Amino acid sequence: MRRISAASLILLIISVSSIYLPMGYRKLFIPDTEKTHLLFSPVTKEFVYREQLIGDIPEEVRSKADDHHSEIAYGDQKGSYYGRLEFERMLPFIYSKNMDMLGFLPIEIDGRSFDIEEIKRGRQVMEMTPEKLREHSTRPSVWPLLETDSGQARLVLPDDVFRMTDDRMEFVNADSNQVDRKLTEKFTRALSKEGFSFPARSVNSRATVLKPFDDGVFIVDHDYDVFHIKRVKGEPFVRKTPIDRDIKTRYVLVSENLRKVYHGLLIGQDGRAWLLGFDDYETIPLPLEGYDPNEMDLKILTDPLYVTATWSDETTIHGLAMDRSYRPVASFDHTMSRAADTRAKKIYRALFPFSLDLGHRRRGNMEISFRLGDRTAVVGIVAALTALLTVGSSIRKRRPKPYEIALIALTGLYGLIAVFLVDPER
């Protein structure tokens with residue numbers, strides 16, 4: 001019984017250690033570093049970036065840091081560095097407010113003059129992250145359908161929400177939690193009349209009132225047809241869009257920008273991305289080589305002259321600049337400074353042969369996942385065995401048992417801690 005208790009206690013110590021020791025080390029020595037901001041300059045016709053540097057700071061970066069922290073680098077794709085204001089002047093469409101205050105607007109580029117109002121009218125940003133996909137989202141499967149034409153200056157959340165069941169679009173009163181049969185029948189009938197095939201595959205909307213107008217929801221039916229649905233003065237507006245079934249629409253990022261050039265961004269089942277035209281639902285393909293919506297962040301930035309796409313995983317960011325006819329004009333790939341293999345990261349890999357991680361990197365909910373280290377952990381395991389055979393033997397006045405050596409050979413530092421804290425022989 002004593003050995004069983006000791007084994008249970010050892011297992012518990014190893015489990016807890018593999019959760020909290022790596023977590024504590026990361027918080028102390030490997031701080032989170034934001035991703036690099038990669039942008040296309042309409043002035044220099046090159047990609048430029050703002051980046052938090054990890055490790056040694058180049059002297060050129062320090063010399064440019066007159067009004068910002070020296071670890072923040074403003075660079076371009078040729079490897080040159082700039083001061084903050086020099087950098088912002090290369091991006092007048094991004095830093096238009098500052099440029100206007102400093103008297104740099106209007107600015108002439110490619111024979112055209114741009115003032116701050118024209119820049120505002122030509123700008124739109126869409127950001128897609130894996131968390132927005134239904135598979136990675138933890139939000140409940142109910143959505144509000146806002147009144148598009150409320151006759152008020154601001155949008156208002158309705159008293160009801162809807163959900164898509166196997167055979168209807170069902171509205172539920174949010175106060176009484178009762179199904180609104182009349183509204184349910186009205187919208188379900190409107191959907192069926194347009195040829196909607198139940199059950200729905202996905203519901204896509206921007207469920208907030210903090211937007212300039214409401215563009216309704218886009219629902220993908222069972223046959224991969226995409227339907228655009230709004231509530232207009234309490235009545236259903238349902239339109240079957242001409243979006244090709246073969247795209248197999250997985251997600252629609254609804255933008256609701258006052259330019260009304262795009263409804264948003266469309267993601268297909270195979271990971272390809274399209275811009276979705278506002279007037280005719282035209283799908284405009286984006287040549288984003290290597291983009292994986294499950295793992296990568298994507299940003300589409302439209303300015304008066306260019307459409308720039310940037311997409312990134314944890315280490316590399318890619319950029320593609322297109323003209324307003326969506327023809328590529330420049331591209332650039334950049335390994336972010338956050339990917340640097342610092343001394344702290346090497347020590348981490350040596351100390352911890354594996355870890356149990358709490359939480360989910362994307363969803364944020366509570367999960368436990370196992371992460372195996374790499375071959376660097378052999379160094380830490382050898383060090384732990386050496387400590388057991390020397391210091392451990394001296395302190396405990398006995399030679400280590402074979403099972404203790406085996407335990408440390410498998411678990412490294414965690415096993416060493418458990419062996420020192422729990423001794424079944426005593």
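In these legends, a contact means heavy atoms within 4.5 Å. The model is predicted: local features need pLDDT of at least 70, side-chain atom pairs count only at pLDDT 80 or more, and totals for chains, interfaces and linings use all residues. Residues are numbered from 1 along each chain as its sequence is written, and side-chain values use heavy atoms, with hydrogens and water left out.

**View 1. The surroundings of Asp303.**
Asp303 is placed in the loop between β18 (297–302) and β19 (306–312). Helices (H or I, at least four residues) and strands (E, at least two) are DSSP runs, numbered from the N terminus. Leaving aside residues up to four places away in sequence, Asp303 touches Phe93, Gly122, Arg123 and Arg324. A polar atom of the Asp303 side chain lies 2.6 Å from the backbone nitrogen of Tyr306. Asp303 is buried but has no salt bridge, and the nearest side chain of opposite charge, that of Arg324, is 5.2 Å away. Buried means under 20% relative accessible area, exposed over 50%, and partly exposed in between (1.4 Å probe, protein chains only). A salt bridge is a side-chain nitrogen of Lys or Arg within 4 Å of a carboxyl oxygen of Asp or Glu. For charge, Lys and Arg count as positive and Asp and Glu as negative, while His and the chain ends are not counted.

**View 2. Salt bridge between Lys78 and Glu46.**
Side chains of opposite charge can pair when their charged atoms come close. In this view, the side chains of Lys78 and Glu46 form a salt bridge, at 2.9 Å from N to O. The pair links distant parts of the chain, 32 residues apart: Lys78 is in the loop between β3 (72–76) and β4 (81–82), and Glu46 is in the loop between β1 (37–40) and β2 (47–52). Is Lys78 buried or exposed? Lys78 counts as exposed because its relative accessibility is 64%. Glu46, by contrast, has a relative accessible area of 14% and is therefore buried. A search of the whole structure finds 26 salt bridges.

**View 3. Salt bridge between Glu88 and Arg84.**
The closest N and O atoms of the salt bridge between Glu88 and Arg84 are 3.0 Å apart. These two residues are separated by about one helical turn, because they are 4 residues apart in helix α3 (residues 84–89). Glu88 counts as buried, at 7% relative accessibility, whereas Arg84 is partly exposed, with a relative accessible area of 26%.

**View 4. Salt bridge between Arg349 and Asp341.**
Arg349 and Asp341 meet through their side chains in a salt bridge of 2.8 Å, N to O. Arg349 is partly exposed, at 23% relative accessibility. Asp341 is also partly exposed, with a relative accessible area of 40%.

**View 5. Residues with positive phi.**
Most residues other than glycine have a negative phi, and most peptide bonds are trans. Asp110, which is not a glycine, has a positive phi of about 55 degrees. Asp110 lies in the loop between β5 and β6 (112–114) and is exposed, with a relative accessible area of 51%. Glu256 likewise has a positive phi, near 55 degrees, and is a residue other than glycine. The place of Glu256 is in the loop between β14 (249–254) and β15 (262–268). Glu256 is buried, since its relative accessible area is 2%. A network of salt bridges links Glu256 with Arg206, Lys211 and Asp214.

Leu105 and Pro106 are joined by a cis peptide bond, with omega about 0 degrees. Pro106 is in the loop between α4 (96–101) and β5 (107–109). Another cis peptide bond joins Phe198 and Pro199, with omega about -5 degrees. Pro199 is in the loop between α6 (181–193) and β10 (202–204).

**View 6. Helix α10 and what covers its buried residues.**
Tyr414, Gly415, Leu416, Ala418 and Val419 are the buried residues of helix α10 (residues 413–421). Among the elements that cover these residues are α1, β22 (354–358), α8 (377–396) and α9 (402–411).

Key
A polar contact is a pair of N or O atoms within 3.5 Å; within protein, one must be able to donate a hydrogen and the other to accept it, and residues adjacent in sequence count only if both atoms are side-chain atoms.
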